[in-house]
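Open the model in a viewer and keep the sequence beside it. The stops below say what to select next and what is there.

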Amino acid sequence: MIIFYDKGGNHQPGAKPMNSIIECKHINFGYGSNEVLKDIDFVVEQGDYVGLVGPNGSGKSTLLKIILGLAKPDQGEVFLFGKPISSFKDWHKIGYVSQKANSFNSGFPATVEEVVSMGLYGKLGLFSRLSKSHKERVLQAIDQVGLSDFTYRNIGKLSGGQQQRAFIARAIVAQPSLLILDEPTVGVDTESVERFYQLLATLHNKHQLTLLMVTHDIGMMTHHVTKIACLNKKIHFHGPPSEFQQKQSEILAEAYGSHMNLVEHHH
Amino acid sequence: MLELIFRYEFMQNALLAGIIIGVICPAIGVFLVVRRLSLMADALSHITLSGIAAGLLLQKNVPLLQGINPMYVGMIFSVAGSLLVEQLRKAYRFYQELAIPIILSAGIGLGVVLISIANGFNVDLFSYLFGSVIAVNRTDLWTIIVVGMIVLIATILLYKELFALSFDEEYARISGIKRKWVNFTFTILVALTIAISMRIVGILLVSALITLPVAAALQLSNSFKQTIWLSICFAELSVLGGLTLAFYLNWASGGTIVLFSVLLLVIVLIVKKRV
């Protein structure tokens, strides 16, 4: 572990070690009397590829919302890149891919290029416009996800898998250090899902991207991620896939209830 | 034959004002339509009516305010109405469209009562309701130019924020766009657009110029920028064609402009179906 020192050489008790990208400390969250998250301590370190799993209503999406600053926890604190979320400003360091299904109106008149450009807006700031090099960066990102032939096509007319890749391009165009994905494969056909995981693997290995992915697809995911976190109101497991597989039945019984059977499927 | 139009000062005023609103109405309209807020224009135009009525009333009864242009009062009401819509949408998070009929009926109710107090059911009011080319005087024209420029420049400056928010509000928030601030500014821009457009097309027809050209453009375009440009082209065609036709046939200008844009929309729909 790296201890963070300020210039004076004094250890700052409030400062976070630089290698934790996301750190949730004692997060509690509820809607009225309904407790959704209970004392969550959760850390994503640099270079991690974390798969976050849990049954429906386990609080996965809520936890993501809290990490992204879209919801405020009742108690506890979130640190992003070592900074408390309230003072965190470098949102361009985080790429986000939401569930395809509810993320946009498919009659929207926008091309792939226009949608991917959006990924740079946060970095650009108010009133400034895309420069030539930004535009090149957009084309590069589109190429990276293999959509070059569709650059000027209307996004609503692409297949679910292609749309999802366009959203990945939007998330990586600003060259973030962290990519957060919320059930990205929902509504995407099986063949595209395979390609999708390959793309994520490339981003993780070649571009050293830290990834946090919420998913239902436990079977598929265990072959790709470096860490698995299992959530149902609290974190039931957080560790490498090998350890997860050893204790799988106990963890799942605990988090999902006893009637959960894991179906392994290889594509 | 056409040069006849330019001989009259009122036609020069009307044409110039028409060209300006022909740009800003569809430019603002594109964002309203893709955000499924087309009816917002209707709600705000009706609240503008009560502002106009209040203006007429003040003009008549407060000697100090005799010189006041009812259009300014309309503008103030429109801006206030737009802020109310935002508040109402918050109060009815699950019935957001309710805000629109509430504001719309409040606007028309208040408007009618104010007009009756002012004893103002006359030609002047008629021109506000349905637009009139003769009604655009030099002061109106200057107001339209200045406010129109402000709306246009603000829209260009906020283009990428508005585009991102329209496409996917959650993503826009995460990417650090100041959603509240941009939405607030946009609502004011809509209110201003409506207030200055009503001189030409009238309160009851403003929303047509905001939505119809966009509806036609949506049928043809692939990209967002293309949608904006096409909408502006359709709106300009409607405004210039409508004003010219109205001039020669002695028709109501607002109605003619709107019918022209309906015609364009129908043509686009037919052509699209054939292809």
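At which residue does α2(A) bend, and by about how many degrees? Select helix α2 (residues 112-124) of chain A and centre on A:Met118, where α2(A) bends by about 30 degrees; the bend at a residue is the angle between axes fitted to the seven residues ending there and the seven starting there. This is a predicted model, in which local features need pLDDT of at least 70, side-chain atom pairs count only at pLDDT 80 or more, and totals for chains, interfaces and linings use all residues. Residues are numbered from 1 along each chain as its sequence is written, while chains are lettered from A and ligands numbered from 1 in the order in which they are written.

Helices (H or I, at least four residues) and strands (E, at least two) are DSSP runs, numbered from the N terminus. Stay with α2(A) and check its length: at 1.5 Å a residue its 13 residues should span 18 Å, and the end C-alpha atoms are 19 Å apart, which agrees. The expected span is 1.5 Å times one less than the number of residues.

Next, colour α2(A) by burial. Eleven of its 13 residues are buried, among them A:Val112, A:Met118 and A:Gly122. Buried means that 20 or more other C-beta atoms lie within 10 Å of the residue's own, with C-beta atoms placed from the backbone. Show what the buried residues pack against: α3 (132-144) and α4 (160-172) of chain A, together with α8 and α12 of chain B. After the helix comes A:Gly125, with a positive phi near 85 degrees.

Now select the contact between the chains. Chain B gives 20 residues and chain A gives 19, where two residues are in contact if their C-beta atoms, placed from the backbone, lie within 7 Å. On the side of chain B that touches chain A, α8 (159-167), α9 (169-174) and α12 (224-249) each supply at least two residues.

Move to the sheet of chain A. Six strands form an open sheet with mixed pairing, in the order β6-β7-β8-β3-β9-β10; two strands pair if DSSP finds at least two bridges between them. Strands β6 (94-97) and β10 (234-239) stand at the edges with a single partner each, so one side of each is left without a neighbour in the sheet. Inside the sheet, pick β3 (residues 49-53) and β8 (residues 210-214), which pair in the parallel sense over four bridges. A:Gly51 has A:Met213 in β8(A) as its bridge partner.

Conventions:
Buried ≥ 20, exposed ≤ 12 C-beta atoms within 10 Å, placed from the backbone.
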